[in-house]
Amino acid sequence: MSRFNDFIDGFSRLVKVTDRDIPIQSILSSSEESIVRSNLRLLLQQAANAALREEPVVYAISLKNAQQWMATYFQLNAGSKELQLSLIHISEPTRQAEIS
């Protein structure tokens with residue numbers, strides 16, 4: 001049992017496990033951040049155009065993709081949470097019915 005305990009002690013000094021509530025986010029370079037922001041802007045413009053053309057499927061998909069991009073690439077602070085809630089609100093089926 002001594003060898004096993006020595007192994008566990010040695011292993012525990014080499015490996016540290018940390019429990020995190022928030023996943024670690026990679027930091028984007030400034031050019032990558034610019035591209036992500038542009039793509040998000042394009043998704044929102046696509047949703048607006050779909051609303052004007054009365055295309056509810058394209059509208060819903062564009063808003064869903066915008067929500068996913070926000071969740072993936074942006075830290076949700078007060079402003080981005082508000083935008084995320086607005087996207088959810090305008091993508092509700094009752095809102096879509098008002099558009100079409």
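## Arginine 37 and its partner

Arginine 37 counts as partly exposed, at 42% relative accessibility. In this predicted model, the side chain of arginine 37 meets that of glutamate 33 in a salt bridge. The N to O distance is 3.1 Å. Glutamate 33 is partly exposed too, with a relative accessible area of 33%.

Why are glutamate 33 and arginine 37 separated by about one helical turn? Both sit in helix α2, which covers residues 30-52, and they are four residues apart. Side chains of opposite charge can pair when their charged atoms come close.

## The second salt bridge

How many salt bridges does the structure hold? There are two.

Glutamate 55 has a relative accessible area of 29%, so it is partly exposed. Arginine 53 is at 47% relative accessibility and also counts as partly exposed.

## The overall layout

Now step back to the whole chain. The protein has five helices and zero strands. Along the sequence the pattern reads α-α-α-α-α.

The protein has 100 residues, and 17% of them count as buried.

## The loop between α2 and α3

Glutamate 54 is found in the loop between α2 and α3. Is glutamate 54 buried or exposed? It is exposed, with a relative accessible area of 54%.

The backbone of glutamate 54 also deserves a look. Most residues other than glycine have a negative phi. Glutamate 54 is not a glycine, yet its phi is positive, at about 55 degrees.

## How α2 meets α3

Two packed helices are described by the angle between their axes and the distance between the axes. Helix α3 spans residues 56-73. The axes of α2 and α3 come within 8 Å and cross at roughly 160 degrees. An angle over 145 degrees counts as roughly antiparallel. α2 and α3 are therefore roughly antiparallel to each other. Their crossing is left-handed.

Which residues of α2 meet α3? Among them are Val36, Leu40, Leu43, Leu44, Gln46 and Ala47. On the α3 side, the residues include Val58, Tyr59, Ser62, Leu63, Trp69 and Tyr73. By class, this contact of α2 with α3 has 14 nonpolar, four polar and no charged residues.

Serine 62 lies in helix α3. Its relative accessible area is 1%, so serine 62 is buried. The cut-off for buried is under 20%.

What does serine 62 touch, leaving aside its neighbours within four places in sequence? It is in contact with Leu43, Gln46 and Ala47. Each of these three is listed among the α2 residues that meet α3.

## How α3 meets α4

Helix α4 runs over residues 78-90. The axes of α3 and α4 come within 10 Å and cross at roughly 160 degrees. That makes α3 roughly antiparallel to α4. α3 passes α4 in a left-handed crossing.

From α3, the residues that meet α4 are Tyr59, Leu63, Ala66, Gln67, Met70 and Ala71. From α4, they are Ser80, Leu83, Gln84, Leu87, Ile88 and Ile90. By class, the contact of α3 with α4 has nine nonpolar, three polar and no charged residues.

Glutamine 67 is found in helix α3. It counts as buried because its relative accessibility is 17%, under the 20% cut-off. Leaving aside neighbours within four places in sequence, glutamine 67 is in contact with Gln84, Leu87, Ile88 and Ser91.

Serine 86 lies in helix α4. It is partly exposed, with a relative accessible area of 36%. How far apart are serine 86 and glutamine 67 in sequence and in space? They are 19 residues apart in sequence. In space, the distance is 9.9 Å, C-alpha to C-alpha.

Definitions and conventions
Residues are numbered from 1 along each chain as its sequence is written. This is a predicted model: local features need pLDDT of at least 70, side-chain atom pairs count only at pLDDT 80 or more; totals for chains, interfaces and linings use all residues. Side-chain values use heavy atoms; hydrogens and water are left out. Helices (H or I, at least four residues) and strands (E, at least two) are DSSP runs, numbered from the N terminus. Buried means under 20% relative accessible area, exposed over 50%, partly exposed in between (1.4 Å probe, protein chains only). A salt bridge is a side-chain nitrogen of Lys or Arg within 4 Å of a carboxyl oxygen of Asp or Glu. Axes are lines fitted to C-alpha atoms, for helices over the stretch in contact, and angles run from 0 to 180 degrees between N-to-C directions. Angles under 35 degrees count as roughly parallel, over 145 as roughly antiparallel, 65 to 115 as roughly perpendicular and the rest as oblique. A crossing is left-handed if the near helix is turned anticlockwise from the far one by less than a right angle, and right-handed if clockwise. Contact means heavy atoms within 4.5 Å. Ala, Val, Leu, Ile, Met, Phe, Trp, Tyr, Cys and Pro count as nonpolar, Asp, Glu, Lys and Arg as charged, and the others, Gly among them, as polar.
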